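Subject: Structure handover

Dear colleague,

Here is the structure I said I would pass on. My notes on it follow below.

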Amino acid sequence: MRETVSKRAPTLNLPHIAAGEGIVAVVVVALVAYAALYASPYGLRVLTVAGVYALATIGFQIVFGLGGALSLAQGAFFGLGAYATGILGSQWGWTFAATFPVSLLVPLAVALLVGLPVLRLESHYFALATLGIAQVVHLLAVNSPGLTGGANGLPGVPGIVLFGWAVPRGLPLAAIVWSFVAIGGLIAWTLARGRWGRALTLVRDDPLAAGTLGLDVGRLRLTAFALSAVYGGAAGALAVHTQRVVSPEVLEFPVMVSILTIAVVGGRGRVAGAILGAVLLIHLPEWFRFLERSYLLVYGVALLAAIVLAPHGLTGLIDRLFPPRPKPLPIPVAPPVPQPATGPVLQIADLGKSFGGVRAVDGVSLVLDAGSITGLIGPNGSGKTTVINLVSGLERPDQGRILLSGQDITGSDISGWRPDRIARAGIARTFQAVSLPPGATVLDAVAAARLDRDRSIVEAEAHALHILGRLNAADLAPRPCADLPAALRRRVELARALARQPSVLLLDEPAAGLTDAEKADLATHLRAIAATGTALLVVEHDMGFLLPLAGHVLCLDQGRILYDGPPEGVRSDPTVVAAYLGEGAA
Amino acid sequence: MRRLLPVLLGLAIAAAGPARAESLSFPVLVPLTGFLSLEGTSQRNGAVLALKDAPASVTISSDVIDTGTSPEAAVTALERAAGRNVAAVAASMLGTQMLAMLPLAAEYKIPLVTVSGTASITEQGNPWVFRFFPGDAVTKEAHARYVVEELGKKRPALIYQTTAYGQSGKAHLTEAFKSLGADLVFEEGVDPAAKDLLPVLTKALAAKPDVLVLHLHSGPTALFIRQAAANGVEVPIVAGSAMHQPSTAALLEPAELKGVCAETAASPISGGSPEVEDFTAAYRSAFNTEPDAFALGQYDGMRMVLEAVKAGARTPDDIRKALSTGTHRGLAMTYRSDGKGNMAHSAVIVCYDGTSRVPKIAKRYDNVTGVVK
């Protein structure tokens with residue numbers, strides 16, 4: 001068990017809390033004792049700077065660690081907060097009580113403004129775009145001397161004044177900064193442990209699957225980006241109160257590099273990682289200062305050693321040395337049963353989709369009745385998966401309509417029927433290549449399907465365990481998804497789709513790679529699911545599995561319906577035999 | 001008791017022993033890494049060379065701490081140094097770092113001895129800063145006066161850097177040229193990271209200037225001059241102080257430097273007096289490199305501090321008073337505070353003849369007020 005737990009990618013999930021955060025608590029107590037009893041003014045200053053970077057990195061952990069988006073704008077948000085405090089404090093005479101909220105709001109507003117277009121970009125394009133934001137803000141700061149003091153910056157930023165008390169340098173300032181770290185860390189930790197954090201982690205691991213599980217990927221990413229900006233702004237404001245001067249250096253790339261390095265060395269996605277990383281990496285160069293310029297070499301070697309020895313960061317190393325105990329499984333609880341549907345549930349009319357010059361789906365129409373099992377067959381490239389993608393919203397049709405219980409859910413820019421909305425309306429699906437988050441347990445993966453409808457993680461997990469039990473897979477619950485063989489991965493993915501309690505279930509080659517016994521077992525489960533009123537559309541190549549299971553079969557070829565009738569007629573239909581089954585199968 | 005007597009006597013003698021020299025610390029907090037590492041290293045070397053020859057009555061210690069180029073690192077370095085019987089600090093030449101260090105220096109009451117040219121560091125009303133390098137008000141007046149009065153040019157084109165150094169110089173040059181009746185026909189700021197300055201050179205020439213005035217850092221200065229030479233530009237170039245640095249000249253062939261002039265506080269490799277030549281020889285011997293005006297300015301500054309110590313100053317406040325009120329005949333010039341901590345009021349113009357990388361002093365400007373009339 002220890003081995004399997006240690007293989008998990010670092011997340012903010014519950015199983016990691018005990019050891020990692022426990023050791024961090026010891027470190028925090030030691031730091032408090034050091035600060036209060038031993039540290040010189042210099043030591044307190046370094047500790048204060050470490051607190052500032054810890055706060056900025058906690059925010060970065062949300063968007064980068066949990067959300068998986070390499071935002072290189074965190075340095076810009078840090079700088080925006082710094083300049084808001086610097087300008088308002090030194091030029092307008094505002095006090096901390098007024099400048100601090102503004103320093104949170106300015107980066108928040110910028111994040112919301114630029115986030116909408118930028119967050120649509122994929123991985124490295126997103127990183128480059130966010131880097132561009134930082135460059136633009138830096139140029140504005142340097143070339144607006146009337147407002148920002150230009151390249152010289154603005155001196156004379158006042159210190160923090162709280163309720164009339166001017167916080168002096170040293171221990172009081174360090175205590176204030178670390179209080180903000182504690183508050184910020186607690187908020188981030190709570191968010192990450194909850195449904196929002198789980199949902200964000202799933203968006204990081206598999207955004208396509210997240211959408212089909214009812215999660216609004218765009219909104220989750222935007223919220224994470226905006227939240228990270230607030231943390232960045234808060235850290236920037238505190239940095240300026242510590243330095244008493246603001247200059248373009250707060251917007252330069254080294255700030256971003258420091259935050260990124262702290263996150264990676266500390267442990268990606270972990271609040272504890274941000275704190276440990278900041279304390280270590282801000283102190284590390286100070287320990288080697290006596291080496292004059294050679295300290296950079298030693299610093300670089302130390303960093304390299306840290307990354308090689310602890311590839312998952314310091315918190316990952318702690319987890320490896322002190323593996324956390326697995327959390328106890330919840331008591332399974334059956335989720336509330338929705339009103340069973342009757343009659344036609346899904347109606348597809350004249351559906352069409354082209355990719356360039358290729359007509360992938362061409363005038364497909366079909367109807368799924370509640371409780372029915374419909375087979376969708378055809379040669380590779382005939383358009384089967386594209387039909388499922390069109391129905392689930394991952395692709396947008398060029399023509400045709402899709403009605404779910406009479407409601408038009410055809411995905412388009414105008415209608416706004418994105419995958420998450422379609423999923424929430426009652427359509428669930430599985431994928432041809434099973435898609436499960438590698439760092440999650442089976443229970444986590446299935447509970448993810450309940451995040452948008454259950455009130456808490458505990459409730460979602462109790463429901464998820466019940467669903468796993470229905471598929472005779474409850475014993476898999478604590479196992480990491482990454483360790484499962486193909487057949488069990490398919491079972492878990494089916495459980496996840498089933499946890500949505502859909503009215504329509506789209507299964508893309510569910511029997512691929514299964515043994516005969518496993519296929520028979522799967523068929524039993526699918527019949528049981530249909531018996532509850534769910535309409536099933538099963539894409540499959542294995543006629544021996546599908547034809548006895550399905551009540552109705554459609555065969556596609558080059559995007560068009562070749563056959564639409566009972567399963568008994570498939571093998572005898574000359575067009576199906578010619579295009580798909582071959583003469584020997586008839 | 002008789003047995004104890006020799007022991008007590010021995011202890012008393014040991015305690016009375018030869019008088020121990022007082023210990024004073026002069027930390028050197030300069031940028032040794034980052035884009036100002038060349039200049040910062042010159043600062044370091046100048047300070048270290050000066051501190052080698054301390055008065056016999058005191059023991060000198062001097063930690064060298066890299067401040068990088070961020071204000072945060074500079075303040076942290078000052079906080080680190082402050083707790084160690086500090087008498088004065090050789091402080092960074094980077095203006096933003098100085099601005100960040102000033103409040104802390106005032107709080108700890110520690111004199112900062114610097115060669116920063118950023119005008120605003122002596123405009124904060126802080127009595128603990130002393131600048132041993134002419135500020136932009138001085139050097140840019142000399143720069144503009146040489147262009148207008150000596151070269152007779154009336155249509156200057158200004159290319160400056162988009163940094164604190166560049167923006168400060170640009171403001172003073174614009175004002176000085178305006179006062180001299182030679183309004184700029186072109187001005188443009190360039191990023192220090194720009195890898196090709198031909199576009200800005202082309203645009204500047206399109207404005208038909210009769211002189212190209214540069215206020216760029218070392219690398220961009222060399223790049224601009226190389227590209228101007230390669231394109232056969234015949235308009236004279238009068239550059240900023242970065243050009244006088246031997247490390248800048250080393251990036252160019254002597255022929256490319258023909259006719260190029262530059263303003264600076266001093267050019268130790270150009271000689272001028274036996275004392276300056278001795279300094280240059282000692283510097284080469286100690287650091288195996290050529291000294292520049294920053295090294296000489298920092299050297300002069302720390303020598304003035306040590307003169308104060310030799311005269312009896314033992315506390316930071318003693319040294320502050322000595323620097324505030326005294327006069328020091330340094331190697332580059334004679335230093336005296338203007339009441340704000342500006343100690344240097346002279347500048348020189350050096351020019352290259354195209355046969356070597358060692359410039360000759362073409363014009364000296366003393367007692368420059370910074371107000372062009």
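In which sense do strand β5 (residues 344-355) and strand β8 (residues 399-404) of chain A pair, and over how many bridges? The two strands pair in the antiparallel sense, over five bridges. Within this pairing, Gln347(A) stands opposite Leu403(A) of β8(A). Please keep in mind that the model is predicted.

Both strands belong to an open sheet of four strands in chain A, in the order β6-β5-β8-β9, with antiparallel pairing. At its edges are β6 (358-369) and β9 (407-408) of chain A, each of which pairs on one side only.

Chain A as a whole

Chain A has 586 residues, and 57% of them count as buried. Its secondary structure comes to 23 helices and 14 strands. The C-alpha trace of chain A spans about 90 × 50 × 45 Å along its principal axes. If we take the contacts in chain A between residues at least 6 apart in sequence, 74% join residues at least 24 apart. The accessible surface of the chain is about 23,100 Å², and carbon and sulfur atoms account for 65% of that. As for charge, chain A carries 43 positive and 39 negative charges, whose mean positions lie 9 Å apart.

Helix α13 of chain A covers residues 271-287. At 1.5 Å a residue, its 17 residues should span 24 Å, and the end C-alpha atoms are 24 Å apart, so the two values agree. Of these 17 residues, 15 are buried, so α13(A) is largely enclosed by the rest of the structure.

Tyr295(A) lies in helix α14 (residues 295-309) of chain A. Its relative accessible area is 6%, which is under the 20% cut-off, so Tyr295(A) counts as buried. Apart from neighbours within four places in sequence, Tyr295(A) is in contact with Pro285(A), Phe288(A) and Arg289(A), and also with Thr33(B) and Asp66(B) of chain B. Leu549(A) is 254 residues from Tyr295(A) in sequence, and their C-alpha atoms are 70 Å apart in space.

One residue of chain B

Gln245(B) sits in the loop between β11 (237-239) and α9 (246-249) of chain B. Gln245(B) is buried, with a relative accessible area of 1%. Not counting residues up to four places away in sequence, Gln245(B) touches Glu39(B), Ser218(B), Asp292(B) and Phe294(B).

Regards

Notes. Residues numbered from 1 in each chain as written. Chains lettered and ligands numbered in written order. Predicted model: local features only at pLDDT ≥ 70, side-chain atom pairs only at ≥ 80, totals over all residues. Heavy atoms only, no water. Buried < 20%, exposed > 50% of the residue type's maximum accessible area, 1.4 Å probe, protein only. Contact = heavy atoms within 4.5 Å. Areas by Shrake-Rupley, 256 points an atom, 1.4 Å probe, with all protein chains shown as cover. Lys, Arg positive; Asp, Glu negative; His and termini not counted. Charge placed at Lys NZ, Arg CZ, Asp CG, Glu CD. Expected span 1.5 Å × (residues − 1). Pairing = 2+ DSSP bridges.
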